[in-house]
Amino acid sequence: MNSALNLVNVSLEYPDGGSTLKALDGVDMAVKQGEFLSLVGPSGSGKSSLLAVAATLINPTAGLVVIDGQDVSALKEAERTELRRDKVGIIFQQPNLLPALTAVEQLLIREHLRGNAVKEARRTAEDLLDVVGLTAAMLKRPHQLSGGQRQRVNIARALMGSPTVLLVDEPTAALDHERSESIVRLLRRVTDEFRTATVMVTHDTEFLPLTDAVAAMRDGRISRASVPSAQTS
Ligand code: ADP
Ligand code: MG
């Protein structure tokens, strides 16, 4: 297994009244370093559940989650938290930034809370904001940024810990077409540059050619995996 992220026969059941609801049903998935996989499927098919399990936020009912060679289910809670912090970057639809903080402070808050030296981290934060095209906006607060810029801050923040795995849930759902495309292109570039194993849930089928492979979900299963057709632009 030389994949950065491996799901092996993963199932997840949620309690549902007196019975259970199977959100994931025997899912297999392998994503290598530098690979960008898109995940599509109807609402309720289990895409977000799959990301939550891959992010180690939820334990699967059955099956294996392996990140960077480590079997997550074998870890204690505290070790899992540490693995998540060190190896997993998570990007949700809504950037969830703190209103009072500047862009650069959004990236530093976790270091700060952990009592780490912020000086070194500040350099990393500034470099990352540069990568996502926000050099001129480092000292702006969320209300001074556009939706696309806020999502860029979110992406830069997810990269702060040099994650092995980058999990992205509908990053463009709140954005217009042009901004959506630039966000997906940015995720492509970040995946290439930082060699992350990136999984992106998306409804924008037209951007699939920017990714390396497409997995389609239905009723908690991966029903199809394919290589997207040649890039058109
Ligand atoms: P998607 O992201 O593809 O829309 P989800 O992973 O959110 O799908 O949901 C998959 C199934 O699991 C749906 O039937 C949903 O209602 C159910 N579900 C999701 N989260 C929970 C939860 N926390 N508790 C109970 N059921 C849930
Ligand atoms: Mg979802």
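A polar side-chain atom of Tyr14 lies 3.5 Å from a nitrogen atom of ligand 1. The model is predicted. Tyr14 also has a place in the strand pairing, where Leu21 in E2 is its bridge partner. Both Tyr14 and Leu21 belong to the set of residues around ligand 1.

**Polar contacts of ligand 1**

- Gly44 contributes a backbone N or O atom, which lies 2.7 Å from an oxygen atom of ligand 1.
- Ser49 places a polar side-chain atom 2.6 Å from an oxygen atom of the ligand.
- Of the 560 Å² of accessible area that ligand 1 has on its own, the protein covers 60%.

**Composition of the shell**

- E2 and H1 are the elements that give two or more residues to the shell around ligand 1.
- H1 supplies the largest share of this shell, namely three residues.
- The residues around the ligand include the run Pro42, Ser43, Gly44, Ser45, Gly46, Lys47, Ser48 and Ser49.
- Tyr14, Leu21 and Ala23 are also among the residues around ligand 1.
- Sorted by class, the shell holds four nonpolar residues, six polar residues and one charged residue.

**Sheet architecture**

- The sheet is open and consists of four strands in the order E2-E1-E4-E5, with antiparallel pairing.
- Strand E2 (19-31) and strand E5 (70-71) are the edge strands, and each of them pairs on one side only.
- In general, the strands of a sheet pair through backbone hydrogen bonds, in either a parallel or an antiparallel sense.

**Strand pairs**

- Nine bridges join E1 and E2 in the antiparallel sense.
- E1 and E2 form a hairpin with two residues between them.
- Gly17, in the turn of this hairpin, has a positive phi of about 60 degrees.
- Strand E1 (residues 5-16) also pairs with strand E4 (residues 62-67), again in the antiparallel sense, over five bridges.
- Within the pairing of E1 and E4, Asn6 stands opposite Val66 in E4.

**Helix on the sheet**

Technical notes
Residues numbered from 1 in each chain as written. Chains lettered and ligands numbered in written order. Predicted model: local features only at pLDDT ≥ 70, side-chain atom pairs only at ≥ 80, totals over all residues. Heavy atoms only, no water. Pairing = 2+ DSSP bridges. Near = heavy atom within 4 Å. Polar contact = N/O pair within 3.5 Å; in protein donor to acceptor, adjacent residues only side chain to side chain. Areas by Shrake-Rupley, 256 points an atom, 1.4 Å probe, with all protein chains shown as cover. Nonpolar A, V, L, I, M, F, W, Y, C, P; charged D, E, K, R; others polar.
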